[in-house]
Amino acid sequence: MDGIDPQYLPWQTPLLQRALQLNSEQHLPHAVMIDSTSDQDLSAFIWHLSMLLLCDQARELDPCGACEACRMMLAGTYSDFSLVTLEPDEKSKKLSKNIKIEQIRNLIHEVSLTHQYDRLKIAVIYPAEAMNKASANALLKTLEEPAAGILILLLTHNRGRIPITLRSRCQSWSINPPTAQQSIAWLSEQGMSQQDSERYLEYANGDPVLALKLQQHDYASLVEQFKARFSQFLRGDLGVSNFCGELLASELPVVRRLVNLTLTAYCYQSSGVDAAGNPATGADRARAQLLLDLRQRAQKQMQIEENNLDFQLQLEDVLISLKQILTRRYI
Ligand SMILES: [Zn+2]
């Protein structure tokens, strides 16, 4: 994690209030699983929530930043707080995909030690879905025999991937996604116009944090450019290698997003229902099925992480298949 930056977003407020309330009543459970359906990183929220629970002089939902616990938390030296997360691989420097069993064993050991301070002891695992079976099993025993004054927080973007044995031993809390109104209000606070907010929320499937990021990268211009070049490609005025070469000037997540957006739009068009939910006339079921299959296949094919020849080959294959589906005649 780069630096310690405690923050929360307006739609995370109910969860902070709930934690604070239970803490003040001394009814905080010993293990909580917090799930979020959005992909948005929860690191800043974890630090905010933990500091809020540890702070001696919190003002409403804000830790004071100055008491002993706050100062040590901000310096990353509070010994009664542990965070287990994905770590960079020693050789490749890339983030590992799994939380390793040694990390969980260390955490269990930390939890078993006596409290250094006369406050709650907090242990966090994020993203909890990155634990493998062995890690989850190792943790299970600690959850079965909770020690006093300990809060174990498991945060996940994919609750379904956590073994049910673990889930059943945690109280379940959810970060509900923001309403459209909350999203637009927040984006307006960040300086985005109403018109841009609506457009970018659509690109970001309603996630305002992603919408803001996409606007900072002028994603709307990229979409327009992509549409123009895609039409030329369909007409045969632009070759697939040149088209892919141009696309790969952008980062891979952007390319994936553009292709996925296009495939989704065509799926809607052909499925008999448009994006607004209206039935389209003359729907072509055969084409719709081919498009749906292609979209599913494309999502898998484009999971390659390096910007290399393999990705270009997969991308070319997807675009050629799309062109074939769109230009073929259906009776
Ligand atoms: Zn404080």
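Predicted model: local features only at pLDDT ≥ 70, side-chain atom pairs only at ≥ 80, totals over all residues.
Before I start, one definition: when I speak of a helix, I mean a DSSP run of H or I that is at least four residues long, and helices are numbered from the N terminus.

Asn205 has a phi near 50 degrees, which is a positive value in a residue other than glycine. Is Asn205 buried or exposed? Its relative accessible area is 71%, and so, with over 50% counting as exposed, Asn205 is exposed.

Glu60 sits in the loop that runs between helix H2, residues 43-54, and helix H3, residues 68-75, and although Glu60 is not a glycine, its phi is positive, at about 50 degrees. Its relative accessibility is 71%, so Glu60 counts as exposed.

Let me turn now to the strands, and to E3, residues 121-125, where 5 of the 5 residues are buried. In general, the side chains of a regular strand alternate between the two faces of the sheet. In E3 both faces are covered, with Lys121, Ala123 and Ile125 buried on one side, and Ile122 and Val124 buried on the other.

Which strands does E3 pair with? One is E2, residues 81-84, which pairs with E3 in the parallel sense over 4 bridges, and here Ile122 of E3 is the bridge partner of Phe81. Between E2 and E3 the chain passes through helix H4, residues 101-112, in a β-α-β crossover that is right-handed. Another is E4, residues 150-156, which also pairs with E3 in the parallel sense, over 5 bridges, and there Val124 has Leu153 of E4 as its bridge partner.

In the loop between E3 and H5 lies Pro127, and the peptide bond joining Tyr126 to Pro127 is cis, with omega at about -5 degrees.

Phe226 has a relative accessible area of 6%, and because buried means under 20%, Phe226 is buried. What is Phe226 in contact with, if we leave aside its neighbours within four places in sequence? The residues are Phe243, Leu247, Leu258 and Thr262, and for Leu258, which is 32 residues away along the chain, the C-alpha atoms of the pair are separated by 7.7 Å.

H10 packs against helix H11, residues 240-247, at an angle of about 170 degrees, the two axes being 10 Å apart, and H10 is therefore roughly antiparallel to H11. On the H10 side the residues that meet H11 are Phe226, Arg229, Phe230 and Phe233, and on the H11 side they are Val240, Phe243, Glu246 and Leu247. By type, the residues of this contact are 6 nonpolar, no polar and 2 charged.

The last pair is H13, residues 285-301, with H14, residues 309-327, whose axes come within 10 Å and cross at roughly 175 degrees. These helices, H13 and H14, are therefore roughly antiparallel to each other. Among the residues that make the contact are Leu290, Leu291 and Leu294 of H13, and Val318, Leu322 and Ile325 of H14. The residues of the contact of H13 with H14 divide into 8 nonpolar, 3 polar and 3 charged.

Conventions: Residues numbered from 1 in each chain as written. Heavy atoms only, no water. Buried < 20%, exposed > 50% of the residue type's maximum accessible area, 1.4 Å probe, protein only. Helix = DSSP H or I, 4+ residues; strand = E, 2+ residues; numbered from the N terminus. Pairing = 2+ DSSP bridges. Right-handed = clockwise from strand over helix to strand, strands pointing away. Contact = heavy atoms within 4.5 Å. Axes fitted to C-alpha atoms, helices over the stretch in contact; angles between N-to-C directions. Parallel < 35°, antiparallel > 145°, perpendicular 65-115°, else oblique. Nonpolar A, V, L, I, M, F, W, Y, C, P; charged D, E, K, R; others polar.
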